[in-house]
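This briefing is intended to be read beside the sequence and the model.

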Amino acid sequence: MGLDIGSDSVKTFNDALETTKTVIWNGPMGAVAKKLAELSGKGVTTIIGGGDSVATVEKVIVADVTSHISTGGGASLELLEGKILPDVDARDEA
């Protein structure tokens, strides 16, 4: 069973996002996807990673207004942690 966040959480997230300049999102909180589209329209950088997240933003038709979308959610998070990704490392060695 897949469940989304509730209305109180949506308000909390939306309020917190009002002052941001960059959002990095990994996880399918569909209820927040429309807020990300609104923020993208205001010039906020919105980066979405992960297959479920991509499917969510495509389903609510906001994928075309986000700054960047990647199905590599786990890899995106590891890159942000400063880890060297195996494929990138192998390419650099070649």
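**Briefing on the predicted model**

Alanine 63 is partly exposed, because its relative accessible area is 22%; buried means under 20% relative accessible area, exposed over 50%, and partly exposed in between, with a 1.4 Å probe and protein chains only. The model is predicted: local features need pLDDT of at least 70, side-chain atom pairs count only at pLDDT 80 or more, and totals for chains, interfaces and linings use all residues. Residues are numbered from 1 along each chain as its sequence is written, and side-chain values use heavy atoms, with hydrogens and water left out.

**Overall architecture and confidence**

- The protein comprises 5 helices and 3 strands, where helices (H or I, at least four residues) and strands (E, at least two) are DSSP runs numbered from the N terminus.
- Read from the N terminus, the order of elements is α-β-α-β-α-β-α-α.
- Along the principal axes, the C-alpha atoms occupy a box of roughly 50 × 35 × 25 Å.
- Of the 94 residues in the protein, 29% are buried.
- Among contacts with a separation of 6 or more, 36% join residues 24 or more positions apart; contact means heavy atoms within 4.5 Å.
- The average pLDDT (the predictor's confidence in each residue, from 0 to 100) is 84, and 99% of the residues score at least 70.
- Confidence is highest in α1, at 93, and lowest in helix α5 (residues 86-93), at a mean of 75.

**The pairing of α1 with α2**

- Two packed helices are described by the angle between their axes and the distance between the axes.
- For helix α1 (residues 7-17) and helix α2 (residues 30-41), the angle is about 20° and the axes lie 10 Å apart. Axes are lines fitted to C-alpha atoms, for helices over the stretch in contact, and angles run from 0 to 180 degrees between N-to-C directions.
- The two helices α1 and α2 are therefore roughly parallel to each other, given that angles under 35 degrees count as roughly parallel, over 145 as roughly antiparallel, 65 to 115 as roughly perpendicular and the rest as oblique.
- The crossing of α1 and α2 is right-handed; a crossing is right-handed if the near helix is turned clockwise from the far one by less than a right angle, and left-handed if anticlockwise.
- On the α1 side the contact involves Val10, Phe13, Asn14 and Leu17, which meet Ala31, Val32, Lys35, Leu36 and Leu39 of α2.
- The residues of this contact of α1 with α2 comprise 7 nonpolar, 1 polar and 1 charged. Here Ala, Val, Leu, Ile, Met, Phe, Trp, Tyr, Cys and Pro count as nonpolar, Asp, Glu, Lys and Arg as charged, and the others, Gly among them, as polar.

- Serine 7 belongs to helix α1 and counts as exposed, at 61% relative accessibility.
- Glycine 30, in helix α2, counts as buried at 17% relative accessibility.
- Beyond residues up to four places away in sequence, glycine 30 touches Asp4, Trp25 and Thr56.
- Glycine 30 and isoleucine 5 are 25 residues apart in sequence, and their C-alpha atoms are 8.3 Å apart in space.
- Serine 40, also placed in helix α2, counts as buried at 14% relative accessibility.
- The contacts of serine 40, leaving aside neighbours within four places in sequence, are Thr46, Val65 and Thr66.

- Serine 53 is located in helix α3 and counts as buried, at 1% relative accessibility.
- Residues up to four places away in sequence aside, serine 53 touches Trp25, Asn26, Gly27, Pro28 and Ile48.
- Alanine 63 is in the loop between α3 (51-59) and β3 (68-70). Its contacts, apart from neighbours within four places in sequence, are Val57, Glu58 and Ile69.
- Between the C-alpha atoms of alanine 63 and serine 53, which are 10 residues apart along the chain, the separation is 10.0 Å.
- Glycine 74 lies in helix α4 (residues 73-81) and is partly exposed, with a relative accessible area of 45%.
- Glycine 74 and threonine 56 are 18 residues apart along the chain, and their C-alpha atoms are separated by 16 Å.
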